[in-house]
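Work through the exercises below with the sequence and the structure side by side. Try each task before reading its solution.

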Amino acid sequence: MSASGRLAELGIELPPVATPVAAYIPAIRHGGTVVTSGQLPVVNGEPTITGVVGDGVSVESATDAARTACLNALAAAADAAGGLDQIERILKLVVYVASAPGFTGQPAVANGASHLLGEVFGEAGTHVRSAVGVAALPLGVPVELELTLAVVGEE
């Protein structure tokens with residue numbers, strides 16, 4: 001089944017590509033690769049959650065935020081690739097987690113995005129990953145993520 005078919009089966013629609021909050025573009029294609037800018041958990045231009053994980057934001061809420069940010073990244077990647085079904089493989093996921101001092105559960109938070117990629121792309125959704133704790137993120141959100149993807153054909 002295609003990625004767009006799996007997404008429909010899951011009852012999920014890709015959101016519109018998020019408007020950048022500074023001087024960058026949401027995603028860029030070079031040859032057979034697409035790289036996204038950092039994507040946030042925003043819906044209709046507004047953060048779905050703000051705060052720091054381990055100090056007011058639960059791991060569960062941050063995991064949901066990572067899933068939302070990942071949908072935004074997929075929307076940007078699909079736009080650059082010429083459609084979701086042009087994505088052949090997820091190569092790398094980098095997740096930044098606004099973390100309270102001593103919080104070390106960044107990998108659990110990143111699983112929100114990793115699991116979504118597996119649901120949508122199956123084996124092609126497996127990827128290498130970094131989950132990094134940081135002091136703060138844009139707009140006060142608890143999660144930001146980037147994707148690197150292989151796409152069909154050359155630009």
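Predicted model: local features only at pLDDT ≥ 70, side-chain atom pairs only at ≥ 80, totals over all residues.

Residues are numbered from 1 along each chain as its sequence is written, and side-chain values use heavy atoms, with hydrogens and water left out.

**Exercise 1. Describe the length and the bend of helix 3.**

Step 1. Helices (H or I, at least four residues) and strands (E, at least two) are DSSP runs, numbered from the N terminus. Helix 3 covers residues 106–121, which makes 16 residues.

Step 2. The expected span is 1.5 Å times one less than the number of residues. For helix 3 the expected value is 22 Å, and the span from its first C-alpha to its last is 23 Å, close to that value.

Step 3. The bend at a residue is the angle between axes fitted to the seven residues ending there and the seven starting there. Helix 3 has a kink of about 35°, centred on G112.

Step 4. Just after helix 3, G122 has a positive phi of about 60°.

**Exercise 2. Work out the strand order of the open sheet and find its edge strands.**

Step 1. Two strands pair if DSSP finds at least two bridges between them. The five strands of the open sheet follow the order 1-2-9-7-8, and the pairing is mixed.

Step 2. Strand 1 (27–30) and strand 8 each pair on one side only, as edge strands.

Step 3. Strands 7 and 8 run parallel and are joined by seven bridges. Y96 stands opposite V132 in strand 8.

Step 4. Helix 3 packs on the sheet, where it touches (heavy atoms within 4.5 Å) strand 7, strand 8 and strand 9.

**Exercise 3. Which residues have the most contacts inside the largest nonpolar core?**

Step 1. A nonpolar core is a set of buried (under 20% relative accessible area, 1.4 Å probe, protein chains only) Ala, Val, Leu, Ile, Met, Phe, Trp, Tyr and Cys residues joined through side-chain atoms within 4.5 Å.

Step 2. The largest core has 40 residues, and those with the most contacts inside it are I87, V109, L117, F121, L145, L147 and L149.

Step 3. Helix 2 gives the most to this core, with 12 residues.

Step 4. Not counting residues up to four places away in sequence, F121 touches A3, R6, L74, L84, I87 and I90.

Terms used:
Axes fitted to C-alpha atoms, helices over the stretch in contact; angles between N-to-C directions. Buried < 20%, exposed > 50% of the residue type's maximum accessible area, 1.4 Å probe, protein only.
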